[in-house]
Amino acid sequence: LLTGNFSVARRLFKDLSNAASSETSFIWLSALEKIGQAEAALSIDAARALPESAANLRMAISALRSFRNLSELMSGENVSIDFQVTFLELRISFLDLMTGTRQLTREMKLIGFGPKKFTRPHLHLNNMIKLVDSIGRRYLRLCNEHGLFICQQSRSVLRTLSALCAFFGKALRLVFFNSLAEAPADKATRVNCRTTAVPKGDSSQPVTQLMKQLDSFALKDMDQTVDAKIRAATMLEIMDGVLKAPVPVPRSLTLTKQIPRASLKLMWDPEQHGYTDKLEVSINTSISFLASGIVPASLLKRAQIPFNIILLWYTLTPKAKSKSENKGNAEDGQLEMKPASHRMLKPPPLATSLSSSGTFFLKADTEILLEEGRYSLDFRLGCRDLRGGEWELPLNGTLDDFSFKVVQ
């Protein structure tokens, strides 16, 4: 799988599964066989194998979940397959996106122009562009969530696949140039998409070399002066080339080690807000909170890169008022509170040192709140390694809901 020889990998996993000594081993090897079968079909038949490959990857996900449930039932130990399932789901989403894009492109090649505005195909086109950008961000998010515990090769693969999504989004915007909206933001996007930034250190991947070659001679001079049928034919060739190129597979796809989890406790600062469950603050003030927790020694041992700085990200999100609350206020004769503007605040992360025993403590203030309304605070725990990289840390359980009200 790691070298791109998917047909050979499929045969090997099939032979190994037939000689498996336990049911869990058989299910695990069967899942890897389905992955090899899916990618082998794409490397041979390209777009014609899209339905078959997507179905095989879905069967691989089902096999992985069966493997987890059976392993926990037989051994009593938790088996983590979050990385494998998320990676395969992103791959399936990309293949489904290629299927829909191919249909639109074939239609454009047949009739000689792209989807007209205010039509269903045009809506599908806009959604496809948003989807490919979202898949690229989710690859980076997966790298950020698991990057501390996976090898360098796996991190490189995730960055490469994110760059592949950026390249595909660029191709979509250039091929369907005349069909996209003429908003200023879209014009700026088309200008910026002329240069697709591939992360450094990923140039050894074959798909990265293919992207550079296609960008230099297929997309470099593509604009509205090129005939629509030529652009459509070029896009079909690009998709076949991308599908036939061996997709990079992370080494961590074949590992199911359980990742230890850190603990995080949060509370409002009692010196400023007192001990209360329903917090109300005045406008033009900030919120103070305390954060503490423990990073177990097993997590520090599993980390591929040492770290001694703990990071805490928080997101301040306006919340819409529920109908029951509005009805209750009306019955009490209270004025209805105006909802805060729907704008999330994502300030830089807060940092504190990690003690030798694995504990940490942090006291922080949010930004000054300038609008009345209801807000919620969402938190993510992370770390900064010795090289300056920032990663997320897994947490035990879910955090309590931190909501408050801003009044005049």
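Trainee: Which residue of β3 stands opposite Trp268?
Mentor: Trp268 stands opposite Phe289 in β3. This is a predicted model, in which local features need pLDDT of at least 70 and side-chain atom pairs count only at pLDDT 80 or more, while totals for chains, interfaces and linings use all residues. Residues are numbered from 1 along each chain as its sequence is written, and side-chain values use heavy atoms, with hydrogens and water left out.

Trainee: How many bridges link β1 and β3?
Mentor: Six bridges link β1 to strand β3, residues 288-294, in the antiparallel sense. Strands are DSSP runs of E with at least two residues, helices are runs of H or I with at least four, and both are numbered from the N terminus. Two strands pair if DSSP finds at least two bridges between them.

Trainee: What is the strand order in that sheet?
Mentor: The order is β1-β3-β6, an open sheet of three strands with antiparallel pairing. Its edge strands, each pairing on one side only, are β1 (263-268) and β6 (359-365). On average, neighbouring strands of this sheet are turned by 15° against each other, direction ignored; the axes are lines fitted to C-alpha atoms, and angles run from 0 to 180 degrees between N-to-C directions.

Trainee: Changing topic, what is the volume of the largest pocket?
Mentor: The largest pocket has a volume of about 370 Å³. A pocket is an open set of points on a 1 Å grid over the protein atoms alone, where a 1.4 Å probe fits, with protein on both sides within 12 Å along at least five of seven lines; lining residues have an atom within 4 Å of a point. The volume is the space filled by probe spheres set on the points, which are joined across faces, edges and corners.

Trainee: Which residues are closest to its centre?
Mentor: Of the 18 residues that line the largest pocket, Glu145, Arg261, Leu393, Pro394 and Leu395 are the closest to its centre. The elements giving two or more residues to this lining are α5 (120-146) and β7 (373-385).

Trainee: Where does Leu140 lie?
Mentor: Leu140 lies in helix α5.

Trainee: Why does Leu140 count as partly exposed?
Mentor: Leu140 counts as partly exposed because its relative accessibility is 43%. Buried means under 20% relative accessible area, exposed over 50%, and partly exposed in between, with a 1.4 Å probe and protein chains only.

Trainee: And which residues does Leu140 touch?
Mentor: Leaving aside residues up to four places away in sequence, Leu140 touches Arg159 and Ser162; contact means heavy atoms within 4.5 Å. Leu140 and Ala163, 23 residues apart in sequence, are 9.6 Å apart in space, C-alpha to C-alpha.
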